[in-house]
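Subject: The structure you asked to look at

Hi there,

Here is the structure I promised to pass on, with my notes below it. Have a look at it first, then read on whenever you have a moment.

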Amino acid sequence: MNPLKILKKTVIDSQLYVSLTGTLFAVFFMMEQNTFRYPTFFLIFITYFSGYLYTKYQKTKHFPVILILNVIAGAVCALLIIHNHNGIRLVKWLIIVVLGLLYNSFFLDTYIRKIPLLKVFYVGLVWALMNCWLSLPEFSIPIFMISFLFITALVLPFDIRDMKVDTVKTFPTLIGTQGTKYLAYLLVFLSTVIASCYLDTKGSLAFYLASLVTFIFIYFTENERKDSYFSLGVESCAALPFLFLLLMKYF
């Protein structure tokens with residue numbers, strides 16, 4: 001089998017990759033704030049991974065197995081919080097889990113993904129709460145805004161990818177592909193401005209470099225591009241602030 005197909009099946013289609021990029025985005029802020037802890041790293045990764053598995057497989061024959069895995073993952077997360085954090089962190093985690101269920105659950109008559117134009121902002125909200133609330137001792141408004149704007153911008157290329165198959169109104173169907181790109185540029189720009197004002201020198205520079213790469217991916221986004229451009233390329237942008245910060249810290 002083609003190595004790229006193996007990579008896609010084992011890493012990308014399994015939801016491991018998006019879970020890792022989301023976790024590394026949170027780690028970027030933890031490192032910048034000097035609050036990094038391995039229990040928090042595993043808590044965030046398991047939460048992302050179980051959530052994305054639930055979303056992808058809930059209407060398939062594999063769902064009973066996924067549901068069991070979700071229960072086990074939930075128990076592991078609860079134990080991680082109880083042994084390494086406190087009751088408040090457990091409440092935060094439970095709220096974020098509920099928000100994830102509201103995004104896309106087949107047992108609800110109307111869930112967030114069905115509401116026109118709301119999806120991109122909702123994904124940005126949940127990722128932002130992971131970064132500024134769950135992973136940090138106190139809620140950080142600047143980190144919330146940086147995360148919310150940046151992740152919302154990253155979701156927009158996926159709307160361009162899905163514009164011909166989406167059953168609800170999205171920004172590409174409302175303002176067109178180019179208008180959606182302009183909106184994404186604006187959101188990334190605003191997040192970079194806030195990052196430059198709030199983060200330390202290395203953190204703001206790392207985020208700036210990540211934003212430049214993100215601009216390039218947005219610019220070349222087209223509906224006709226292969227899925228790997230989005231699921232591997234665009235998805236990687238969330239991990240870039242961490243990777244650039246790591247390079248500056250150790251090289």
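Please keep in mind that this is a predicted model.

Pro137 sits in the loop that links helix 6 (119-134) to helix 7 (141-161). Is Pro137 buried or exposed? Its relative accessible area is 58%, and the cut-off for exposed is over 50%, so Pro137 counts as exposed. Apart from residues within four places in sequence, Pro137 has contacts with Thr35, Arg89 and Lys92. Ser236 is 99 residues from Pro137 in sequence, and the C-alpha atoms of the two are 27 Å apart in space.

Helix 2 covers residues 16-32, which is 17 residues. At 1.5 Å a residue it should span 24 Å, and the C-alpha atoms at its ends are 24 Å apart, so the two values agree. Helix 2 is mostly covered, with 15 of its 17 residues buried. Just after this helix comes Asn34, which has a positive phi of about 55 degrees.

Helix 3 is built from 20 residues, and its first and last C-alpha atoms are 28 Å apart, close to the 28 Å expected at 1.5 Å a residue. Its buried residues include Pro39, Phe41, Ile44, Tyr48 and Tyr54. Among the elements that cover the buried residues of helix 3 are helix 2, helix 4, helix 5 and helix 6.

In soluble globular proteins, nonpolar side chains tend to be buried together. Here, the largest nonpolar core contains 67 residues, and Phe25, Phe28, Trp127, Ile151 and Phe207 have the most contacts inside it. Helix 7 supplies the largest share of this core, 12 residues. Leaving out residues up to four places away in sequence, Phe207 touches Phe25 and Phe28, and its other partners include Ile146, Phe150, Leu199 and Pro241.

The largest pocket has a volume of about 1,400 Å³. It is lined by 48 residues, of which Gln15, Gly51, Tyr52, Thr55 and Tyr103 are the closest to its centre. Helix 2, helix 3 (38-57), helix 4 (63-84), helix 5 (87-103), helix 6, helix 7 and helix 10 (227-236) each give two or more residues to that lining. Which element provides the largest share of the lining of the largest pocket? That is helix 3, with 8 residues. By residue type, the lining of the largest pocket divides into 27 nonpolar, 12 polar and 9 charged.

The second largest pocket holds about 170 Å³ of space. Its lining consists of Asn104, Tyr111, Arg113, Lys114, Asp162, Val165, Asp166, Thr167 and Val168. These lining residues divide into 3 nonpolar, 2 polar and 4 charged.

Finally, how many cavities of 30 Å³ or more does the structure hold? There is 1. The space in the largest cavity is about 60 Å³. Among the residues lining the largest cavity are Arg113 and Val168, and both of these also line the second largest pocket. Others in the cavity lining include Ile115, Leu117, Asp159 and Phe171.

Enjoy looking around, and do write back with any questions.

Best wishes

Conventions
Residues numbered from 1 in each chain as written. Predicted model: local features only at pLDDT ≥ 70, side-chain atom pairs only at ≥ 80, totals over all residues. Heavy atoms only, no water. Helix = DSSP H or I, 4+ residues; strand = E, 2+ residues; numbered from the N terminus. Buried < 20%, exposed > 50% of the residue type's maximum accessible area, 1.4 Å probe, protein only. Contact = heavy atoms within 4.5 Å. Core = buried A, V, L, I, M, F, W, Y, C linked by side-chain atoms within 4.5 Å. 1 Å grid on protein atoms, 1.4 Å probe; cavity = no way out; pocket = protein on both sides within 12 Å on 5 of 7 lines; lining within 4 Å. Points joined across faces, edges and corners; volume = space filled by probe spheres on them. Expected span 1.5 Å × (residues − 1). Nonpolar A, V, L, I, M, F, W, Y, C, P; charged D, E, K, R; others polar.
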